[in-house]
Amino acid sequence: TEDICGGNGACLGKAKNCGDGKDCTTDLCTGGECKNEVTSGFCLLDDQCVANGDKNPLKVCNICQSDTPMTWSANTGAPCDDSNTCTGNDKCNSSGQCAGDGKNCDDGKACTTDTCENAQCISTLKPDQCLIDGVCVAKGAVKPTDPCQSCNPNSPNSWSVNTGGACDDGDGCTTNDQCNSLGKCKGTKIECDDGLPCTDEE
């Protein structure tokens with residue numbers, strides 16, 4: 001630039017300053033244009049020189065890989081912390097994000113919704129369901145060994161009295177057997193009076 005003729009008739013110019021002030025670049029002028037090439041083994045990221053293999057101080061899943069010196073690369077497989085207490089084995093993925101494996105909170109029960117909160121598994125009963133003795137029971141379903149007990153979701157973890165439920169009190173001389181409020185099966189006695197004073201009815 002600023003070319004002038006010297007005393008010997010030669011054309012002299014002032015060298016163009018292509019220095020970018022970065023220690024990790026080689027600064028050249030080619031064809032009148034400045035070129036600042038990143039030195040092997042370095043990256044130029046966020047306007048800062050970063051050595052190959054160094055991590056982004058603000059994001060552990062970003063790393064300098066000198067074969068792509070102008071962009072952060074994913075630090076795939078590196079340990080990290082995704083700040084989620086319900087995940088484990090946190091690692092950087094190929095997108096440069098920290099992700100962990102979700103905690104397995106499945107209790108194996110179809111009648112519960114299983115979630116994780118603050119590193120603790122929580123199993124919540126679904127509507128109209130009971131969980132009695134570790135077994136899922138639908139609303140209104142009776143106990144297999146006692147028809148006078150059934151699932152009442154208002155008391156979901158124990159059998160409830162099935163008042164008015166059909167049952168069999170085992171007495172052939174009763175009818176309309178039903179479960180009473182005490183959970184007992186009782187029927188109405190069948191009246192056998194034949195109207196004759198000379199007979200006994202049983």
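**View 1. Asp128 sits in the loop between strand E13 (120-125) and strand E14 (129-132).** The model is predicted. Phi of Asp128 is near 60°. That is a positive value in a residue other than glycine. Most residues other than glycine have a negative phi. Asp128 has 45% relative accessibility, so this residue counts as partly exposed.

**View 2. Asp46 lies in the loop between strand E5 (42-45) and strand E6 (48-51).** Here too phi is positive in a residue other than glycine: Asp46 has a value near 50°. The relative accessibility of Asp46 is 60%. The cut-off for exposed is over 50%, so Asp46 counts as exposed.

**View 3. Strands E7, E8 and E9 form an open sheet.** The order is E7-E8-E9, and the pairing is antiparallel. Strand E7 (55-56) and strand E9 (73-74) are the edge strands. Each of these edge strands pairs on one side only. E7 pairs with strand E8 (residues 59-63) over 2 bridges, in the antiparallel sense. Look for Lys55: its bridge partner in E8 is Ile63.

**View 4. Strands E16, E17 and E18 form an open sheet with antiparallel pairing.** The strands run in the order E16-E17-E18. At the edges are strand E16 (142-143) and strand E18 (160-161), each pairing on one side only. Strand E17 (residues 146-150) joins E18 through 2 bridges, again in the antiparallel sense. Gln149 stands opposite Val161 in E18. Strands of a sheet pair through backbone hydrogen bonds.

Methods. Residues are numbered from 1 along each chain as its sequence is written. This is a predicted model: local features need pLDDT of at least 70, side-chain atom pairs count only at pLDDT 80 or more; totals for chains, interfaces and linings use all residues. Side-chain values use heavy atoms; hydrogens and water are left out. Two strands pair if DSSP finds at least two bridges between them. Helices (H or I, at least four residues) and strands (E, at least two) are DSSP runs, numbered from the N terminus. Buried means under 20% relative accessible area, exposed over 50%, partly exposed in between (1.4 Å probe, protein chains only).
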